[in-house]
Amino acid sequence: MRLLPLPLQFLLFILAQLALSAGLVFYLGSLAQSNVETFAEASRGFVETHKSIEQIRNEYAGIAAKVEREVAGFAPGARRDVSDLRTELTQIASAIRGSVALAPLRENHPGAINRLADSIETQARSLVEANQNIASAPRDQVARIQSRLAEQRAAIMTDGFGGLIDAANDELEDTMRAIRSANAAVTDNYQLVLIVFVALQALLLVLVLWLTNRQIRQLAEITERIVAGQQASAGTQQKRRDQLGRIARAVQQFRSSLVSLSNSREQLQAMLKKHDKESLSRRRAEDSLALTASVFDEVQEAVLVTDIQGFVNRANPAAESLLSLSSTQLAERPLLEILLDQPSHVIAPIWKHVLEKGEWRSEIEFTRPEDDRTLIALVSIRLVGEPREKRGHVIVVINDHTEIRARENEVLALARQDRVTDRLNRAYFVQQVDAQIQTHPDQPFALVALGLDGFTAFNEALGRRFGDRILRVMGDRLAEITNPHALLARIDGDEFAFLVFADSAAELESTVEEVMRQAHAHITQRVELAGYRLDIRASVTSAQFPAEGQTAEELLRITDNGLSQAKVEGGNRIIGHAGGHTHAAQRRFELTQALGKALGNRELRVHYQPQVSLASGTLVGFEALMRWRYRGDWISPAEFIPLAEEHNLIGEFTEWALNNACRRVADWQRQAGQELTISINVPPQLLLLDKVEERLIHLAKSASLPTSSIVLEITESDFGSDPTLLAERLHQLAMHGFAIAIDDFGTGHSSLAYLNNLPISKLKIDKQFVDEIERSEDARKLLESILAMAEKLEFEVVVEGVETQQQLVELRKFGSRLQVQGFVFSRPFDEDYWDGEFMHGQMPRYPVPDIQPSRKAD
């Protein structure tokens, strides 16, 4: 068989070599591309997951902001519509559980997903429950509900979403570990491929040699023996002087060279390997040094390096800036001498401790030489090395705590002060009073407490910020009349307290009475604020140590009882010794607790007192009066109505009473075939509710009663000194057809101003104007003047409290346009009584005097 020429054989060998090399390059490139794609896919997944988390977090933050605004509007007795917020929160939780981008997290970290979704759903339920509970919750409980909802929102933003982000980071770390494992496997594949490549190269070389040897048949045997290492048998061929010998000697020499080259190659490989290790170690050390230098220069904390003697070798820019000293100045003296500004014999024990224990840590004060500013800094010192061998160095880290300590002092001051009035708060006041008692147990003193009456109406009408401004004015006024040792404090929403000292109990008695009168007179002066002229009403009481109380809390409890009793008596009172009101306070507490459940227990009733036309004796309407039957006894309205007003229940009670009254009057109108009016006293708490006109219109429509049949009675005292507070709401109600009446007309301070500024259509004359008309000509003249004014202004007039026939006769002399309400015709009765009266479809009639008016009134 004829072989190809050697050039062609060598060409084929070269082509095969190129093909193997190209295959190796392609294979290695494919492995590298696969690693790159795997890493890119992992990165995309991580980015998409974080984007999805951030998007959901932003959506939740927006909803949380709305929740926060809604919760901030929570107020006792007023429910809000939170169904949309609950739906949005539930949708966020569902989005978290069903998001496609979060699928890897649900599969590998279901706990973080479920915890976040559950906490959002819990927040939604808590929001609904809180909204349901505020209807009957006191103000302090509403504040706690708002605080709890705020804590839930903060926990979701920090713990919930923080846990989700941590889970995403863990997922990325798992992916990176898988990629690193794959890289290790690829490295092993690289080695295997290289071995196979070398093996194939060797096979090709053997093949070429074999083909070449076959062509040189004369040297085949010699070459085989030489290649096989048979020195002796090849020796005779090497001695030959012909070409074969030369080839044999050349082959033998080549074989020796190969052996030497192989040995040299192994040595070279060993040297290269050692060099590679040294180069890698050197590069790592250089990188580490560069990183350390970068951290040292860029770290925000002041970092300094000293020698064993404490002299600074190096300081980062933060240290030079904090201490306002250059590196040269820092190196002049041991660092501790500079920081502590003490001589060497004082510093020596501290430095000895550093060298022996290896560390020292303390907070110091350092005065900078540049601007004389005193810094409070935490100095941390750590020894590195072995000082006994005179080797090593010391690292000093200085943290500036100046601002931290300043904030701590501010927090301490805030913990003692009331934020609204800048006076002492209740907790610090109690602490100081108890300290006074413990320090001077023989020193008598009195705790004077002052509470603003009707302050809730200012907050509801003008807002809490305006109310806070009033409280600041009150605090400033009290500060003007109290000495610095009086410990003036704001102890509750609208209550203040201070101490009065005296040398003896007798002197204390007279001093306290004078101080209470002075405080009451000073605090009730008219306030002009933001365009309003406000008359302030306040009650003052006191409790004495040690006669009435032994601790600050006991004294405050006694004064609380005194202020509560003052409000029961109508407010604007000075009560000297509050200790005598304990029984009344206990009853007041019991009734307050029961009053909140009165509607639910069906203890409230509506009684109806008729209003009769003086001209014909015909029934023209009723006044709806609330009555409360508690534990079998009827509680006086004079006792429970102020409690309902104080605890913001009067608005709810009035709306309930008006609803029942409208339905009953509508039924009686249909039975009698004649129109009747229903009057009810409406408190400011109801009028100041949002959309009150819509609520009252809906109430009238649901009872099928026209709004013109509903008379809303407003007491003059509800307005304070400025009728503009509620005028806007009254005008809106009058535009919708409601009649507006002034109740107890003539007993207030500015009746004529009301008639001019409010949409009044009816006056109700107070009972005190009727009581004396039988005996007093002045009383008759005064009543005649009021009626004449009402006639000129075309007001309807209802005279209340008419109890005798003689009073009725006297009123008849003024004319026939009057309407009369009182015991002379009927006491107030419940709905069952009046259902019986209207059972036969007739309108009740009452006898009236048949005399002609002696005075002009028609």
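Which residues is glutamate 655 in contact with, leaving aside its neighbours within four places in sequence? That was what I wanted to know when I opened this predicted model.

**Entry 1: glutamate 655**

I looked up the contacts and found Leu686, Arg695 and Leu699, once neighbours within four places in sequence are set aside. I then checked where glutamate 655 belongs, and it is part of helix α21, which covers residues 650–672. Is glutamate 655 buried or exposed? Its relative accessible area is 19%, and the cut-off for buried is under 20%, so I wrote it down as buried.

**Entry 2: leucine 649**

Next I went to leucine 649, which sits in the loop between α20 (637–646) and α21. Leucine 649 has 14% relative accessibility, so I noted it as buried as well. Its touching partners are Leu595, Gly596 and Ala644, not counting residues up to four places away in sequence.

**Entry 3: glycine 467**

I turned to helix α16 (residues 464–481), where glycine 467 lies. Glycine 467 counts as buried because its relative accessibility is 0%. Leaving out residues up to four places away in sequence, I found that glycine 467 touches Phe455 and Asn459. I also looked up glycine 493, which is 26 residues from glycine 467 along the chain; the C-alpha atoms of the two are separated by 10.0 Å.

**Entry 4: aromatic rings**

How many aromatic pairs are there? I got a count of 15 aromatic pairs. One of them joins tyrosine 833 and tryptophan 834, with 5.0 Å centre to centre and 90° between the planes. Planes over 60 degrees apart count as edge-to-face, so that is how I recorded this pair.

I checked accessibility for both partners. Tyrosine 833 is partly exposed, at 34% relative accessibility. Tryptophan 834 has a relative accessible area of 0% and is therefore buried. Both residues belong to one aromatic cluster, together with Tyr608, Phe622, Trp668, Phe829 and Phe838.

While on rings, I also looked at phenylalanine 823. The charged end of arginine 827 sits over the ring of phenylalanine 823, at 4.2 Å from the ring centre.

**Entry 5: a surface patch**

Which residues form a nonpolar patch on the surface? I listed Leu11, Leu12, Ile14, Leu15 and Leu18, which together have about 480 Å² of accessible area. I followed up on isoleucine 14 and found it in helix α1, residues 6–72. With 46% relative accessibility, isoleucine 14 counts as partly exposed.

**Entry 6: the whole protein**

Last, I collected the overall numbers. The secondary structure comes to 28 helices and 23 strands. The protein has 858 residues, and buried residues make up 40% of them.

Note on methods: Residues numbered from 1 in each chain as written. Predicted model: local features only at pLDDT ≥ 70, side-chain atom pairs only at ≥ 80, totals over all residues. Heavy atoms only, no water. Phe/Tyr/Trp six-rings, centres within 6.5 Å; stacked < 30°, edge-to-face > 60°. Buried < 20%, exposed > 50% of the residue type's maximum accessible area, 1.4 Å probe, protein only. Lys NZ or Arg CZ within 6 Å of the ring centre and 35° of its normal. Patch = residues over 30% accessible without salt bridge, like charges linked within 9 Å, V, L, I, M, F, W, Y side chains within 5 Å. Areas by Shrake-Rupley, 256 points an atom, 1.4 Å probe, with all protein chains shown as cover. Salt bridge = Lys/Arg side-chain N within 4 Å of Asp/Glu carboxyl O. Helix = DSSP H or I, 4+ residues; strand = E, 2+ residues; numbered from the N terminus. Contact = heavy atoms within 4.5 Å.
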